[in-house]
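This report describes the fold of each chain, the contact between the chains and a few individual residues. The sequence and structure are shown first.

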Amino acid sequence: MNSLSDFMLVSAMLFGIGIYGLVTKRNALRLLFAVEILINAANLNFVAFGQYLPFEGNAQSMLPNAFGQTFVLFSIALAAAEAAVILAIVIVAYRLHRDVDVSELKSLEG
Amino acid sequence: MVLTVGSAIVALEAKEIIYGAIGLAGSLFGVAALFFLLEAPYVAVFQIAVYIGAVAVLILFTVMLVREEKWSKEVPATSFTKLAGALTGLAITIALAFAAYSTNLGSYTTISNSATFVNIGQLISTGDAPILLVLALVLATSVVGALTLSRADREEPSR
């Protein structure tokens with residue numbers, strides 16, 4: 001549980017679980033869960049690579065490499081915004097259709 | 001790690017969707033623990049604050065607000081869909097794990113960058129400041145949009 005590959009393995013497992021959820025589930029909230037799991041898998045990879053790989057930039061600025069962590073901070077904030085919007089859409093869809101099954105929401109279907 | 005992956009499975013497979021929400025919170029907490037292991041405590045605390053503190057609570061409130069019997073009797077996926085989904089997820093996991101282990105990335109066993117929140121703050125406030133501003137705008141817009149979505153319907157006559 002110490003090398004970069006181990007974190008990548010956990011991330012790959014989370015990604016597989018998220019894809020499984022996206023394929024099989026029909027409930028809009030379950031789809032939101034699956035997307036959150038996918039985002040977390042990506043975040044985990046970002047931080048793991050940022051922490052393990054050496055910084056190959058200009059050696060004059062001897063700052064540690066904080067790009068991975070910074071990017072993940074932005075990503076977490078974006079995921080929070082996305083979750084808020086999706087939950088609002090779910091509530092509206094539930095009010096209109098009394099259902100959150102995405103295969104039943106066909107009013108946008110051409 | 002077991003907490004993270006197991007809770008992720010619980011989040012998708014629990015019968016009651018509210019247990020699924022709690023499972024998702026557990027999974028996000030496991031990811032935060034992995035961030036601690038990676039010596040990124042600032043990101044880990046941020047993850048706990050935003051995900052457990054905001055997103056999980058938001059999901060729980062949504063589930064409770066609009067919960068009826070209909071939520072629990074979810075249409076079960078057909079066994080073919082389930083099999084296809086499981087195969088797809090398994091194939092992607094195996095492919096990614098194979099890609100991870102076939103490189104020499106396993107030789108990186110020590111954490112070489114221990115960037116503290118000071119470095120993160122410097123990076124955010126200097127080079128990435130435009131990103132921060134755009135992100136703030138996106139957040140504000142999405143919150144206003146979410147409020148509008150859930151409010152516009154209420155003003156319509158009762159159906």
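## Basis and fold of chain B

Chain B has 7 helices and 0 strands, where helices (H or I, at least four residues) and strands (E, at least two) are DSSP runs, numbered from the N terminus. Read from the N terminus, its elements follow the order α-α-α-α-α-α-α. The model is predicted: local features need pLDDT of at least 70, side-chain atom pairs count only at pLDDT 80 or more, and totals for chains, interfaces and linings use all residues. Residues are numbered from 1 along each chain as its sequence is written, with chains lettered from A and ligands numbered from 1 in the order in which they are written.

Of the 159 residues in chain B, 23% are buried. A residue is buried if 20 or more other C-beta atoms lie within 10 Å of its own, exposed if 12 or fewer, and partly exposed in between, with C-beta atoms placed from the backbone. Two residues are in contact if their C-beta atoms, likewise placed from the backbone, lie within 7 Å. For chain B, 44% of the contacts between residues at least 6 apart in sequence join residues at least 24 apart.

## Fold of chain A

The secondary structure of chain A consists of 3 helices and 0 strands, in the order α-α-α from the N terminus. Chain A has 110 residues, of which 51% count as buried. Among its contacts with a separation of 6 or more, 54% are between residues 24 or more positions apart.

## Helix pair within chain B

The axes of α2(B) and α3(B) come within 8 Å and cross at roughly 175 degrees. Axes are lines fitted to C-alpha atoms, for helices over the stretch in contact, and angles run from 0 to 180 degrees between N-to-C directions. The two helices α2(B) and α3(B) are therefore roughly antiparallel; angles under 35 degrees count as roughly parallel, over 145 as roughly antiparallel, 65 to 115 as roughly perpendicular and the rest as oblique.

Residues of α2(B) including B:L28, B:A32, B:F35 and B:F36 meet residues of α3(B) including B:V43, B:Q47, B:I48 and B:Y51. By class, this contact has 21 nonpolar, 1 polar and no charged residues. Here Ala, Val, Leu, Ile, Met, Phe, Trp, Tyr, Cys and Pro count as nonpolar, Asp, Glu, Lys and Arg as charged, and the others, Gly among them, as polar.

## Contact between the chains

In the contact between the chains, 73 residues of chain B touch 67 residues of chain A. On the chain B side, α1, α2, α3, α5 (79-102), α6 and α7 (129-152) each supply at least two residues, and α5(B) gives the most, with 14 residues. The residues on this side divide into 48 nonpolar, 19 polar and 6 charged.

Helix α3 (residues 67-97) of chain A and helix α3 (residues 41-65) of chain B have axes that come within 10 Å and cross at roughly 5 degrees. That angle makes α3(A) roughly parallel to α3(B). Among the residues that meet are A:L73, A:I76 and A:L87 in α3(A) and B:F46, B:V50 and B:L58 in α3(B). This helix contact has 17 nonpolar, 3 polar and no charged residues.

## Nonpolar core

The largest nonpolar core has 63 residues, and B:F35 and B:V43 have the most contacts inside it. Such a core is a set of buried Ala, Val, Leu, Ile, Met, Phe, Trp, Tyr and Cys residues joined through C-beta atoms within 7 Å. Elements that each supply at least two residues include α1 (4-24) and α2 (28-52) of chain A and α1 (2-13), α2 (17-37) and α6 (117-125) of chain B. The largest share, 13 residues, comes from α3(A). Domain 1 (1-70) and domain 2 (116-159) of chain B both give residues to this core, so it lies between them; the domain bounds come from an automatic or database domain assignment.

Leaving aside neighbours within four places in sequence, B:F35 is in contact with A:V47, B:A40, B:V43, B:A44 and B:Q47.

## Individual residues

B:E39 is in the loop between α2 and α3 of chain B. B:E39 has a positive phi of about 60 degrees although it is not a glycine, and B:E39 is partly exposed, with 15 other C-beta atoms within 10 Å.

In helix α6 of chain B lies B:V118, which is exposed, with 12 other C-beta atoms within 10 Å. B:V118 and B:S102 are 16 residues apart along the chain, and their C-alpha atoms are separated by 35 Å. A:I89, in helix α3 of chain A, is partly exposed, with 18 other C-beta atoms within 10 Å.
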